[in-house]
Amino acid sequence: MTNEQTAIKATYFSIIGNTTLAVVKGLAGFFGNSYALVADAIESTTDIFSSFLVLFGIKYSNKPADENHPYGHGRAEPLITFIVVGFLITSATIIAYESIQNIGTPHSLPKAWTLIVLGLIIIWKEYSFQNVIKKAKQTNSSSLKADAWHHRSDAITSVAAFIGISIALFLGKGYESADDWAALFASFFILYNSYLIFRPALGEIMDEHRYDDLVENIREISLKVNGIIGTEKCFIRKSGMKYHVDLHAIVNAKITVKEGHDLAHKLKDRLRSEIFELGHVLIHIEPNE
């Protein structure tokens, strides 16, 4: 299975899971008098749309290079990540606003059975996070990582709701709003996670260097190629699921231009055969002193 197929499969998993949970949370929150569960349902609804965006981004970013996009379409992925972060921020804002409104509004205690629903949701969402984040790391997909953190944020809001409802039920009358305070706390956590998702995507757009381990691996592989004496500059930029590399390789100053050209191709082929995540590899030949 290719990285693209793996990522698409993980996204469909998210879409189906979020759709199911949005319905379950909404019904449980409405009939169980729990705004924290309703807030959870709102977030799951936005998760559905964001997962569709991730699906589009993954498919578009993996389109082959063309005349107008010689480096491919990978930069679409962090752009989609920005939109997904926007969904997160929007849902957090809605949850916070509604929580503040409900804190000052008298309402009934949540039903005890909502804790069972929340417990099952927490287990499922944490499993979903672990499943999708594993695929995100495997495929180097920033938008899939954002989708995974949607699951983790959902799990955290459910934990907060569980605690809030438990407090309200245990302490009884006068503590009905504990459920709403839990939802308010969860909204701030979602905002914090939004920043954690946004930051690396911004670095990808700005060609920020964050790949020291990959640079070291490239240098080690280069020295295994007969005729390559050493390496100098090594610049890496990420685009979608691929890494584009500019590498300065040091060779014997007395070899011919043809021999240097052949060595560059030999090094490029070696790197791409051992590091499957590499996209474009540009080798600049430097003579030794």
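Which residues touch the most other members in the largest nonpolar core? In this predicted model, where local features need pLDDT of at least 70, side-chain atom pairs count only at pLDDT 80 or more, and totals for chains, interfaces and linings use all residues, the answer is I58, I133, L144 and I197, in a core of 27 residues. Residues are numbered from 1 along each chain as its sequence is written, and side-chain values use heavy atoms, with hydrogens and water left out.

A nonpolar core is here a set of buried Ala, Val, Leu, Ile, Met, Phe, Trp, Tyr and Cys residues joined through side-chain atoms within 4.5 Å, where buried means under 20% relative accessible area, exposed means over 50%, and partly exposed lies in between (1.4 Å probe, protein chains only). Two or more residues of this core come from each of α1 (3-31), α2 (35-61), α3 (76-103), α4 (114-139), α5 (142-171) and α6, and α3 gives the most, with six residues. Apart from this core lies another, of 22 residues, which includes I218, V225, A264 and V281.

These elements belong to a chain with eight helices and three strands, taken as DSSP runs (helices H or I, at least four residues; strands E, at least two) and numbered from the N terminus. Read from the N terminus on, the order of elements is α-α-α-α-α-α-α-β-β-α-β.

The overall form can be described by two values. The C-alpha atoms fill a box of roughly 90 × 30 × 30 Å along the principal axes, and the chain has a radius of gyration of 25 Å, whereas a compact globule of 289 residues would have one near 19 Å; this radius is taken over C-alpha atoms, and the globule rule is 2.2 Å times the number of residues to the power 0.38. Buried residues make up 48% of the 289 residues. Of the contacts (heavy atoms within 4.5 Å) with a separation of 6 or more, 73% join residues 24 or more positions apart.

Individual residues show how the helices meet. I133, one of the core residues named above, is in contact with K145, A148 and W149 when its neighbours within four places in sequence are left aside. F129, in helix α4, is buried with a relative accessible area of 6%, and, again leaving aside neighbours within four places, F129 is in contact with A148, W149, H151 and R152. The C-alpha atoms of F129 and G164, which are 35 residues apart along the chain, are separated by 23 Å.

In helix α6 (residues 178-205) lies A201, which is buried with a relative accessible area of 1%. Not counting residues up to four places away in sequence, A201 touches P78, T81 and F82.

In the loop between α6 and α7 (212-222) is D207, which is partly exposed, with a relative accessible area of 38%. Most residues other than glycine have a negative phi, but phi of D207 is near 55 degrees, a positive value.
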